Amino acid sequence: MDAGMPPCYPGDLEIPGRIRLPRSSNQLGMVLDANDHEVIEACRRGDYDAFRALFEAHKDRVYSIALRYTGDRAAAMDIAQDTFLKLLSSIQNFRGNSSFDSWLYRIVVNTCLDYKRSGRRVIPFLDGLLDAVATPAESVLNRLVRAEQEQTVQEIVARLPPEQRIVVVLRYTEGLSYDQIAEIVGCSAGTVASRLNRAHKVLERRLAHLRAGR
Amino acid sequence: MVKPETHKQWIEEELERSLRRVSAPEELWDRVQSPQQARARLRTRFMAWAAVPMLMFVAVWGTHSRNNPAIQLHSSDPAEIRSWVKANTGLDVPLHAGNLAGAKVVSSHTAEIAYRVAGRDVSLVVSDARPSARRNGRSVSWMSGGQTYLLACAEPQDFKACVMCHVGG
């Protein structure tokens, strides 16, 4: 076994090309570092299982950014699909000069921005409300009120200009720092701060009624 | 000057809560594996799903515009309406008492339950078709027990009250 490989857990699969995959995709986080050079190298060689492992490690992140940017599940699925297809077709070009995370973030951000530019219409669904009523731990009233508030916030965010919206999503969906956002978006940290500040002002004005109810 | 990242304003807390990360649907892997097949399948499914609520929506608003004159069964008894709808469409629709005005058959698999709320007409359209959940300011659709429900209110202010009972079960 290669000394650089992570430890093998009971039930893992030994995949040709030195990639180990857990039997359950839910266990991936235990054994697979998303930046694992071995996995990326295996993807470059066209290893199907390595790509699946990479997909499992990053699918929620990619889908969430797309969903929060568009406010629409169907559009988010399109964007997430396009992102992984671009990743697959261009992973040969990933040289490791930046982190894999930053590289993937740039792909999904550009796919989001391109998606909007294509002019496809986005129709928000009542997913939050439907999810809320399916959750049994609280009263229906509380769940509906909170889901309605979250829906309102998402709709207002979805109306921000794209350059502000993507910064908001990277900040609050992904929790990235100004410097990290700046690297992904390709601007200075000061510009990120400025865009966030403008977005906050717009959102505070449009969501003032939520503050009154807190 | 970059803003310090320590103090959180209320809007930041609101955004963190509302924009939190979610899980990707299972079918995403299928779409990545077979992108053309998946998109074609989704397009077909979307067109089929989209057609049903659109037809239901037209039916509901057509009814509203005529002040709901076309009720076939006039009753406020939930049990009577439930059995009448089941006999005519095969749909089993559990109903609560209150504000019921009657029902009508829209098609062999679709029924409309009529309510009268504060002097205004409200319609609940039930079908065994399978559209995706959606809403605009005055209507919402959802699925339960293999049936699709579409609720439409003439006035937006009626909407939340209707959703409370119907979506909350």
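How are H8(A) and H9(A) oriented to each other? H8(A) and H9(A) are oblique to each other. The legends below describe this pair and one other in a predicted model.

**View 1. Packing of helices H8 and H9 in chain A.** Helix H8 of chain A spans residues 162-172, and helix H9 of chain A spans residues 178-185. The two pack at an angle of about 135°, and their axes lie 10 Å apart. H8(A) passes H9(A) in a right-handed crossing.

**View 2. Residues between H8(A) and H9(A).** From H8(A), the contact is made by Ile166(A), Val167(A), Leu170(A) and Arg171(A). From H9(A), Ile181(A), Ile184(A) and Val185(A) take part. By class, the contact of H8(A) with H9(A) has six nonpolar residues, no polar residues and one charged residue.

**View 3. Packing of helices H3 and H4 in chain A.** Helix H3 of chain A covers residues 48-70, and helix H4 of chain A covers residues 73-90. Their axes are 8 Å apart and meet at an angle of about 140°. H3(A) and H4(A) are therefore oblique to each other. The crossing in which H3(A) passes H4(A) is right-handed.

**View 4. Residues between H3(A) and H4(A).** On H3(A), the residues in contact are Phe51(A), Phe55(A), Val62(A), Tyr63(A), Ala66(A), Leu67(A) and Thr70(A). They meet residues of H4(A), among them Arg73(A), Ile79(A), Thr83(A), Phe84(A) and Leu88(A). The contact of H3(A) with H4(A) divides into 12 nonpolar, two polar and one charged residues.

Definitions and conventions: Residues are numbered from 1 along each chain as its sequence is written. Chains are lettered from A and ligands numbered from 1 in the order in which they are written. This is a predicted model: local features need pLDDT of at least 70, side-chain atom pairs count only at pLDDT 80 or more; totals for chains, interfaces and linings use all residues. Axes are lines fitted to C-alpha atoms, for helices over the stretch in contact, and angles run from 0 to 180 degrees between N-to-C directions. Helices (H or I, at least four residues) and strands (E, at least two) are DSSP runs, numbered from the N terminus. Angles under 35 degrees count as roughly parallel, over 145 as roughly antiparallel, 65 to 115 as roughly perpendicular and the rest as oblique. A crossing is left-handed if the near helix is turned anticlockwise from the far one by less than a right angle, and right-handed if clockwise. Two residues are in contact if their C-beta atoms, placed from the backbone, lie within 7 Å. Ala, Val, Leu, Ile, Met, Phe, Trp, Tyr, Cys and Pro count as nonpolar, Asp, Glu, Lys and Arg as charged, and the others, Gly among them, as polar.
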